[in-house]
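Student: Could you take me through a close look at the sheet in this chain, and show me how the rest is arranged around it?

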Amino acid sequence: MRLPLLLALAVVAGLAGPGTVRAQYVMDLGNLIAAIQVGDFGDDVERLGEARTVYVEGVARLSGMRISGAVLDATLARRARVLAYLRAQVRLVPQAIKALARHRATLDQVIFLTATSDGTATIYVDDR
């Protein structure tokens, strides 16, 4: 009787362990496009330097890409100067560069950044 209970507790403890729950949600494509249009990265860039965990999310996996991919392309073209600033700032953060390398992403693919005060950041890359 105790063995099944102990096994169940071990499984639950394993699921709730550190690193299994992502602190940030991944944006959908519509919100990502709107956020790129606004292009206010100031606080997120500052928090990126303090981040303990950096995630990389490719936009190819986001829902709506087939329908809104052209809108994303147009937005990225209009915001080229802002994206150049963002990439220059990401380049200065070693843990961000390591995260990009782990995901086989390049700095030129970086299109957005979110960072929270809890020490996590997500870098969005155009991996289409």
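**The sheet and its helices**

Tutor: Of the 128 residues in the chain, 38% are buried (under 20% relative accessible area with a 1.4 Å probe, counting protein chains only). Keep in mind that this is a predicted model, where local features need pLDDT of at least 70 and side-chain atom pairs count only at pLDDT 80 or more, while totals for chains, interfaces and linings use all residues. Residues are numbered from 1 along each chain as its sequence is written, and side-chain values use heavy atoms, leaving out hydrogens and water.

The chain has 6 helices and 3 strands (DSSP runs numbered from the N terminus, with at least four residues of H or I for a helix and at least two of E for a strand). Starting at the N terminus, their order is α-α-α-β-α-α-α-β-β.

Now to the sheet itself. The 3 strands make an open sheet with mixed pairing, ordered E1-E3-E2; two strands pair if DSSP finds at least two bridges between them. E1 (53-58) and E2 (110-115) each have a single partner strand, so one side of each is left without a neighbour in the sheet. From one strand to the next, the twist averages 20° (axes are lines fitted to C-alpha atoms, for helices over the stretch in contact, and angles between N-to-C directions run from 0 to 180 degrees).

E2 and E3 (residues 120-125) are antiparallel, paired over 5 bridges. Leu113, for instance, has Ile123 in E3 as its bridge partner.

Two helices pack on this sheet. Helix H2 (residues 29-38) touches E2 and E3, and its direction makes about 95° with that of E2; contact means heavy atoms within 4.5 Å. Helix H6 (residues 94-102) touches E1, E2 and E3, and its direction makes about 40° with that of E1.

How values were computed: Buried means under 20% relative accessible area, exposed over 50%, partly exposed in between (1.4 Å probe, protein chains only).
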